[in-house]
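Hi,

Here is the structure I promised to pass on. Have a look at it first, and then read on for what turned up when I went through its salt bridges.

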Amino acid sequence: MRRLARVLLAACTATACAAAGASAQAGALKLKPLPSSGFPDRTYLLELPTSRALTAKELTVTENGNPVVSLAVQAPGGSANAVLLLIDASESMKGAPIAGAMAAARAFLAERKRDLRVAVLAFSSGQTVLTDFTDDGERLAAAVASAPALAYGTEIYDSLVRAAEMAKDAELERATVVLLSDGSDVGSEATRAEAQQALAEANVRVISIGLASRQFDPEALRSIAQRTGGSYVEARSVAALRPIFAEIGQQLSREYEITYRSLMPPSRETVVEARVPGFRPARAVYTTPALDLAPRGTFERSWVDQVITSAWLMVFVVVSVLALVLFAILTIVDVRRRSLRRRMAQYVNVPSEEESRLRRAEVAALLAEKAQKRFGGTRWWQRFETDVDLAGFRMSPLAIAGWTIVGGIAASLVAALLFQSLAGLLVGLAAPFVTRFLVSRKVARVRTQFGEQLPDNLDVLAGALRTGHSMMGALAVMVESASEPSKSEFRRVLQDEQLGVPLDDALMVMARRMQSADAEQVALVMRLQREAGGNTAEVLDRVAETIRGRMELRRLVRVLTAQARISRWILTALPVVVFVLLLTSGEDYLDPMLGSTFGIVALAVGGIMVLIGSWWIKKIAELDV
């Protein structure tokens with residue numbers, strides 16, 4: 001009877017053991033999606049109930065019941081995966097908390113797989129690397145053997161950024177950060193969003209453990225864990241840290257990364273099922289992305305390709321080519337005409353009949369306002385030709401206009417390439433204004449030199465009259481001793497007088513060309529001398545003294561208004577310089593302005609107001625003496 005009881009007891013024990021083993025074997029798998037390179041490639045994290053080896057032959061993965069292709073299984077550890085322990089070493093962890101944290105770290109290392117690399121980082125007001133990524137057990141044991149030095153501060157976000165950088169430097173495909181802290185972030189330069197972005201770029205998930213304390217803030221730890229695909233665990237006491245870390249170590253040793261290629265059509269809800277013999281299957285659901293039917297071409301067009309194929313560029317090229325052809329034709333005609341004049345000038349000392357006609361037409365145009373109104377449609381070109389001749393350019397007005405067109409085309413293309421926008425083609429429209437500014441500036445310089453030389457030339461003219469020369473002879477003496485530009489201008493007066501133009505009229509034409517009120521006085525003196533006679537030399541001396549007095553007064557006024565003129569350029573250039581610096585700084589300071597219609601209109605209105613203010617200051621600083 002006793003023997004039968006022993007047999008029954010043994011049978012019951014064996015049955016219980018077998019049931020317990022079957023229950024353990026029948027534990028459920030866990031399947032969690034991971035970021036992948038993009039559909040149709042899929043990546044999942046498969047967690048086994050127990051720690052055991054798993055190969056692709058033992059694993060079956062289906063999508064809506066259909067087997068997947070290119071299935072691969074990667075075991076925990078190796079060169080692709082690693083774990084980083086982040087341990088809070090702030091002053092609030094003093095005593096039992098830091099001792100419990102280090103004991104928990106040792107428990108975690110005891111559960112890890114041998115080839116799983118681990119790094120340990122302590123953080124407070126900075127980060128201290130206790131050990132870099134390694135699978136050397138002795139080195140890891142030495143890193144967590146004693147507590148690190150404590151300091152003020154809890155830089156959680158900066159430490160997570162540092163962990164992401166370490167994962168990138170180690171060239172890890174995937175990493176897990178086990179974060180332990182008992183407080184909220186204090187002292188970090190990085191924000192929570194920046195830390196989450198750094199973790200996402202390095203493909204790092206965070207398993208955060210919060211140790212309850214007075215400064216405890218579970219929201220930050222929970223948010224980071226959820227955003228990175230990890231989990232959050234809260235420890236109510238220091239004693240709970242050791243089993244939590246041990247469980248995390250076991251969990252990481254049971255995780256496998258599985259990858260495959262999906263064959264499912266677009267926009268289809270898909271059930272993924274993973275099976276391993278001896279365990280209950282795991283399921284996950286996702287929806288395949290919709291098919292993108294947007295036309296993309298055979299390659300992605302660069303900005304240069306878009307500019308080349310743009311209709312605006314075609315119009316620009318056509319207009320530019322026509323302008324250049326017209327410029328070439330007119331230049332050839334102009335060169336032939338100038339070469340003929342040059343050959344004729346070798347045999348005659350007086351102007352040709354054509355030049356005489358042009359001189360008379362110029363005098364008549366300057367003296368008769370009705371004639372100017374009649375030809376008002378071409379006055380701008382006449383003024384431009386006069387300014388080019390007065391400035392002493394070696395090129396003809398037509399050649400300058402042609403090169404202005406060429407320069408505008410080149411500037412438009414360069415600006416379009418630099419700013420990567422078709423709006424850069426509008427830069428060429430500024431070329432005529434630049435040319436006009438340069439010509440006007442040189443003409444102003446010539447006129448200023450003429451005004452400064454006029455008193456000395458009048459002294460020479462008066463002296464020649466006192467020595468017995470006639471008026472025309474005295475003018476010839478003055479021309480021989482004069483400097484440019486006075487020499488050329490007074491020579492024109494002599495030539496006009498030889499062509500039959502009255503001397504005072506010829507001087508008035510010169511005064512209008514040079515925009516000199518002082519030269520007009522000289523013309524009036526010559527008219528009085530022609531009509532009434534008198535001591536012309538004495539009158540010229542008085543005129544020279546008056547001119548010198550006015551010149552001194554102009555210099556004084558220029559000195560007194562120097563501050564206003566400098567202020568004008570500073571106030572005009574300051575907004576432009578600031579705009580260019582902000583535009584080229586590489587930051588997005590101007591995006592709210594350039595990215596909206598209201599901002600562009602505001603910039604345009606501001607530019608117009610700057611120009612109006614500059615013109616207004618210029619008029620205030622200009623005093624007519």
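Arg-275 and Glu-273 pair up through their side chains in a salt bridge, with 2.8 Å from N to O. By that term I mean a side-chain nitrogen of Lys or Arg within 4 Å of a carboxyl oxygen of Asp or Glu. Glu-273 is buried at 12% relative accessible area, while Arg-275 is partly exposed at 41%. (Buried is under 20% relative accessible area, exposed is over 50%, and partly exposed is in between, using a 1.4 Å probe and protein chains only.)

Glu-273 also has a salt bridge to Arg-283, where the closest N and O atoms are 2.5 Å apart. Arg-283 sits in strand E14 (residues 282-287) and Glu-273 in strand E13 (residues 269-275), so this pair ties together parts ten residues apart in sequence. Strands (E, at least two residues) are DSSP runs, numbered from the N terminus. Arg-283 itself is exposed, at 53%.

Glu-234 is partly exposed at 27% relative accessibility, and Arg-236 is exposed at 68%. In total, the structure holds 14 salt bridges.

Before you dig in: this is a predicted model, where local features need pLDDT of at least 70 and side-chain atom pairs count only at pLDDT 80 or more, while totals for chains, interfaces and linings use all residues. Residues are numbered from 1 along each chain as its sequence is written, and side-chain values use heavy atoms, leaving out hydrogens and water.

Cheers

Methods. Helix = DSSP H or I, 4+ residues; strand = E, 2+ residues; numbered from the N terminus.
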